[in-house]
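Subject: Structure for you to look at

Hello,

Here is the structure I said I would pass on. Please open it next to this email and follow along.

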Amino acid sequence: MDEGLEQKNASYDVYIAGRENSKACFWKNMIKTDLSNGDGINTMNIKVENNDVYVTGVTLPNTANNGIEYFWKNNVRTTVKQYLNIPNNVQYYIKSFTVNNGDIYFAGYVQNPTTTSAFDKFEMCFWKNGVKTILYKSQYYTSAESIMIDGSDVYISTAKVDNTQNVEYGYFKNTIFTSIPSTYVYNFAKNSNGTHLLYQNNFKYYSKNINTNTDALIGDYNHPVHVLGKIISHNNNNDLYTIQSSSGGHYFKNNVEIVPTFSTLPYIQDMFVLDNNIYMIKYDNNLYPNPNNPNSTYNAKLFINSIESQNITSISNAGTGFYPTGSFSSIYVVQN
């Protein structure tokens, strides 16, 4: 798949967040841990830091539409709304989460509980250990697409909506906003060349090096990119990898398109690159039943350098809102 990568002999712990039997869980080296009070919840993201395991989750079906609803630290579940002291009966959406040196960060928007006019109805914010920092106010809500911490700096990519409903894409560095001419922004990745933000413009991916204010086209190809995207950095060199995040079956190494041929599963759910090893979750999703087949199947597999390591197969039916009863959602790898 990528002949420039050579597997090393160091030992690694591979974490996958997902669900099985309609219950939130994660696997460490294929050993499953059911998450406490995880029935009917789908995991979204997993991160591991200093042997602490963090998982975010949302109830399925997500009728409340509040984004991240729960997080677990070492299998202790916390309700995000309570953790962030969000009042009852207000509108909010928490989209982004990260951990840095034990500090827990969320980002999103919340309805202003002490509004003074129609023009400050919604607050776009980030929270550090539950303490809120307001970045922007408008009568329209502003999204927080991704959050990254670099030292003492907080970076948040956003679709900022002003009081005339004009949408401006860009990012906050702490409380300072920088606009990027684009049609969508995604997440950040850091390597020794700088901090990079993935964005879309004219149906193509670009990465912006925030430190040098330079842009790089990712994949000079003819077919348009999907609405979803994720950029991933390599810890040992300056290579950047981009996936179409639950939509496409190929990925990019820097600006070169790579089509994995080792599996017939059509989509890439998530990918992690560490010490010249590529960890990839691929899946097939045929979840909408027909009258002659009320249960449809979901299949996902973890590949390490193109070799299958773990798999999950489940069914979906109308009673579960067409969600699979078991799935893989996110991957994180650490050297042990």
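Below are some notes on the whole chain, followed by notes on single residues.

The model is predicted, so to speak of local features a pLDDT of at least 70 is needed, side-chain atom pairs count only at pLDDT 80 or more, and totals for chains, interfaces and linings use all residues. Residues are numbered from 1 along each chain as its sequence is written, and side-chain values use heavy atoms, with hydrogens and water left out.

**The whole protein**

The protein has 28 strands and 1 helix. Both are DSSP runs numbered from the N terminus: helices are H or I runs of at least four residues, and strands are E runs of at least two. The C-alpha trace spans about 55 × 45 × 45 Å along its principal axes.

Why does the radius of gyration agree with that of a compact globule? A compact globule of 336 residues would have a value near 20 Å, and the protein has 20 Å. This radius is taken over C-alpha atoms, and the globule rule is 2.2 Å times the number of residues to the power 0.38.

Of the 336 residues, 51% count as buried. Buried means under 20% relative accessible area, exposed means over 50%, and partly exposed is in between, with a 1.4 Å probe and protein chains only. The protein exposes about 15,300 Å², and carbon and sulfur atoms supply 45% of that area. Accessible areas come from the Shrake-Rupley method with a 1.4 Å probe, and for residues only the protein chains shown count as cover.

Contact means heavy atoms within 4.5 Å. Among contacts between residues at least 6 apart in sequence, 40% join residues at least 24 apart.

There are 23 positive and 26 negative side chains, and the centres of the two sets lie 5 Å apart. Lys and Arg count as positive and Asp and Glu as negative, while His and the chain ends are not counted. The place of a charge is NZ of Lys, CZ of Arg, CG of Asp or CD of Glu.

Serine 96 is buried, with a relative accessible area of 4%. How far from serine 96 is alanine 144 in space, C-alpha to C-alpha? The two are 6.5 Å apart, although 48 residues separate them in sequence. Leaving aside neighbours within four places in sequence, the contacts of serine 96 include Ala144, Glu145, Ser146 and Ile147. Phe106 is also in contact with serine 96.

Threonine 98 counts as buried, at 8% relative accessibility. Not counting residues up to four places away in sequence, threonine 98 touches Lys47, Asp103, Ile104, Tyr105, Ile147 and Ile149.

Phenylalanine 106 is in strand E9, residues 103-111. Is phenylalanine 106 buried or exposed? With a relative accessible area of 0%, phenylalanine 106 is buried. Beyond four places in sequence, the contacts of phenylalanine 106 include Phe71, Tyr83, Leu84, Ser96, Cys125, Phe126 and Trp127. Leucine 84 is 22 residues from phenylalanine 106 in sequence and 8.7 Å from it in space, C-alpha to C-alpha.

**Cysteines**

Cysteine 25 is buried, at 0% relative accessible area. Cysteine 125 is buried too, with a relative accessible area of 0%. A disulfide is a pair of cysteine sulfur atoms within 2.5 Å, and by this rule the count comes to 0.

**Strand E21**

Threonine 242 is in strand E21, residues 240-243, and is buried, with a relative accessible area of 1%. Apart from residues up to four places away in sequence, threonine 242 touches Leu198, Tyr205, Ile218, Lys230, Ile231, Tyr251 and Phe252.

**Backbone details in loops**

A cis peptide bond joins leucine 60 and proline 61, with omega about -5 degrees. Proline 61 is in the loop between strand E5 (52-59) and strand E6 (70-73).

Serine 22 is not a glycine, yet has a positive phi of about 60 degrees. Serine 22 lies in the loop between strand E1 (12-20) and strand E2 (23-28), and counts as partly exposed at 23% relative accessibility.

Asparagine 85, also not a glycine, has a positive phi of about 55 degrees. The loop that holds asparagine 85 runs between helix H1 (80-83) and E8, and asparagine 85 is exposed, with a relative accessible area of 62%.

Regards
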